[in-house]
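Student: I'd like to learn how to read a fold from its coordinates. Can we work through one together?
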Amino acid sequence: MTGFVRTIDAPKLSPPKGEVGLIHTLRHRVFNSAIGGVLAIAIAALLFWTAWTIIDWAFFRGVWTAPDRELCNAEGAGACWPFIKARSLQWVYGFYPSAERWRVNLVYLIGAISLAGLMIPAIPFKTWNALFFFLLYPVIAFFLLLGGKFGLTLVETEQWGGLLVTLVLSVTAIVVSAPLGILLALGRRSEMPIVSLLSTIFIETVRGVPLVLVLFMAANMFPLFMPPGVNPDKLLKAVIGTSLFASAYMAEIIRGGLQAIPKGQYEGAQAIGLSYWKSMGLIIMPQALKVVIPSIVNNFISLFKDTSLVTVVGLFDLLGIVQTGFNDPKWASAQTSNTGYFALAVIYWAFCFSMSRYSQFIERKLNTSHKR
Amino acid sequence: MPHSAVTMSHVDKWYGPFHVLRDINLDVKAGERIVICGPSGSGKSTLIRCINRLEEHQQGDIVVDGIPLTANLKNIDDVRREVGMVFQHFNLFPHLTVLENCTLAPIWVRKQPKAQAEENAMSFLKRVKIPEQALKYPGQLSGGQQQRVAIARALCMNPKVMLFDEPTSALDPEMIKEVLDVMVDLAEGGMTMLCVTHEMAFARQVADRVIFMDQGQIVEENEPEEFFKNPKSPRTRLFLEQILH
Ligand SMILES: Nc1ncnc2c1ncn2[C@@H]1O[C@H](COP(=O)(O)OP(=O)(O)O)[C@@H](O)[C@H]1O
Ligand SMILES: [Mg+2]
């Protein structure tokens with residue numbers, strides 16, 4: 001066996017050119033076997049048929065203008081859009097008096113601006129904005145919506161409804177569950193036995209019960225914990241119920257994130273002299289939360305949809321208010337409920353899909369791991 | 001005579017029933033450089049982690065820069081402020097840039113103004129020869145660079161004592177020297193250092209004393225020349241034979 005010494009370097013080349021283009025992809029990824037080809041055609045046909053059915057129902061057979069149910073009830077009529085137009089204000093405001101609806105608009109507007117400020121990375125003053133949104137905004141929204149003070153007329157929560165109730169419930173639950181979930185997660189992992197025991201009991205109790213039951217219990221059992229004669233507002237009880245429910249789930253999600261952080265991070269933080277709260281706030285939590293963003297957003301999304309369960313305790317959220325419209329003799333028709341549910345699905349989907357997309361954007365944005 | 005930077009007297013520690021540190025007595029003068037070596041599992045990491053209370057000892061006294069380490073949380077905070085530590089696996093904070101890693105503790109613990117902390121951090125990053133990496137994230141650096149950042153991060157707190165726990169053991173061979181160079185530079189600058197390491201050339205070059213541990217005890221301790229040339233204990237001899245071939 002003789003040795004070998006390279007005298008001329010092997011040339012550094014660019015990779016061989018692959019075939020590209022639609023035809024190539026189709027041939028290599030889709031029609032690369034008989035079964036694949038048949039499946040692809042079957043799926044395409046199914047998709048086409050579904051899309052066509054919806055488009056036909058919504059547009060070609062859809063009724064666009066009508067004073068009442070007459071046209072929608074006609075043989076072969078599709079979606080009954082005028083019903084939605086007639087009802088849309090009620091969907092957004094519930095039974096909130098027309099003259100006072102500017103207050104709801106103002107709450108929506110302030111919330112949207114503040115949230116945009118928080119969510120768009122390029123906008124400065126994040127800390128102030130967060131303090132405003134999480135501490136001040138709920139107070140402002142409360143007084144604006146309820147009134148009875150500062151010269152605003154009182155609008156009882158009985159009159160709230162629709163999107164307003166859905167947003168009040170879900171935004172409050174989200175805003176409350178984030179900090180409460182963090183505290184509960186830290187509590188459960190605490191080295192202090194009492195703190196850990198109490199957190200665990202709370203989390204496991206709430207998690208072991210369906211949300212519907214939590215809502216029923218909040219509605220009916222709350223007065224037991226209150227002085228005699230005091231029965232808190234129906235909406236308030238539902239808000240408290242959903243918030244506590246959301247917090248328990250949030251706590252478990254965050255605990256999962258905490259477990260993903262290596263011990264070395266805690267030690268690194270301790271060794272440079274950070275206290276418990278500072279190392280949690282500056283080192284551990286930012287990393288743990290980043291790990292669990294998808295689960296947190298998933299939790300927000302299911303929370304947003306689950307608020308529709310409050311109809312069982314007599315509140316009219318978005319779903320509830322849409323359903324009440326079906327019985328209106330002026331509009332009751334074969335297509336009314338179809339149209340209502342379809343529009344509702346689009347609205348819920350739009351909210352949830354935006355949350356999902358935003359979370360993906362933030363995940364990419366926060367990725368500093370540079371894993372190779 | 002310089003005062004003591006670290007004093008350990010009759011220190012014992014157990015993990016459950018396992019007696020991991022047995023009657024440790026050690027006095028480190030300010031400016032002294034100590035190298036600790038010994039077989040894996042002999043308690044070297046545990047010993048130096050007791051000095052900044054990452055581990056709690058159960059018996060005996062540890063005094064760091066005049067502050068006794070007891071359950072008193074304030075004392076623990078005070079000691080950690082004066083003691084810097086460099087870990088085998090760096091333990092940098094991956095969500096912060098190199099510069100932020102270095103300024104975090106000065107800003108939040110020492111309450112330095114941000115500008116001053118950054119200026120200070122940059123001077124230490126220059127000292128460990130990576131000022132140009134300041135705005136990168138740890139994940140973008142090589143192991144050797146990360147360990148030098150970790151040293152700079154500890155130095156930014158102006159510690160009186162530096163602890164090193166096998167700082168080169170996790171590095172690829174070609175990166176060991178760049179880290180050792182920084183440590184030699186630090187030693188020559190008069191820093192009080194306790195280094196757990198098996199880099200015997202480093203020990204020869206900078207250590208005032210070499211300590212050999214086995215089964216939770218200090219078995220032998222001497223100046224490097226004597227230690228390597230004339231090990232007294234058979235256990236030390238066996239260990240040196242194994243690592244020096
Ligand atoms: N947290 C722990 N719990 C139980 N045993 C431990 C723990 N940490 C270390 N040990 C044991 O204590 C002994 C000493 O460990 P260590 O100080 O890490 O040794 P060295 O650094 O010299 O290799 C080893 O036997 C190890 O298994
Ligand atoms: Mg070790």
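Student: Among contacts in chain B between residues at least 6 apart in sequence, what percentage join residues at least 24 apart?

Tutor: A contact means heavy atoms within 4.5 Å. In chain B, 65% of those contacts join residues at least 24 apart. Bear in mind that this is a predicted model, where local features need pLDDT of at least 70, side-chain atom pairs count only at pLDDT 80 or more, and totals for chains, interfaces and linings use all residues. Residues are numbered from 1 along each chain as its sequence is written, chains are lettered from A and ligands numbered from 1 in the order in which they are written, and side-chain values use heavy atoms, leaving out hydrogens and water.

Student: How many helices and strands are there in chain B?

Tutor: Both are DSSP runs numbered from the N terminus: helices are H or I with at least four residues, strands E with at least two. Chain B has 9 helices and 10 strands. Its radius of gyration, taken over C-alpha atoms, is 18 Å, close to the 18 Å from the globule rule (2.2 Å times the number of residues to the power 0.38) for 245 residues, so chain B is as compact as a globular protein of that length.

Student: Which strands pair with β4(B)?

Tutor: Pairing requires that DSSP finds at least two bridges between two strands. Strand β1 (residues 4-15) of chain B runs antiparallel to β4(B) (residues 59-64), with 5 bridges; β5(B) (residues 67-68) also pairs antiparallel with β4(B), over 2 bridges. V63(B) in β4(B) stands opposite T7(B), and its bridge partner in β5(B) is P68(B).

Student: What do β4(B) and β5(B) form?

Tutor: A hairpin, with 2 residues between the strands; D65(B) in the turn has a positive phi of about 50°.
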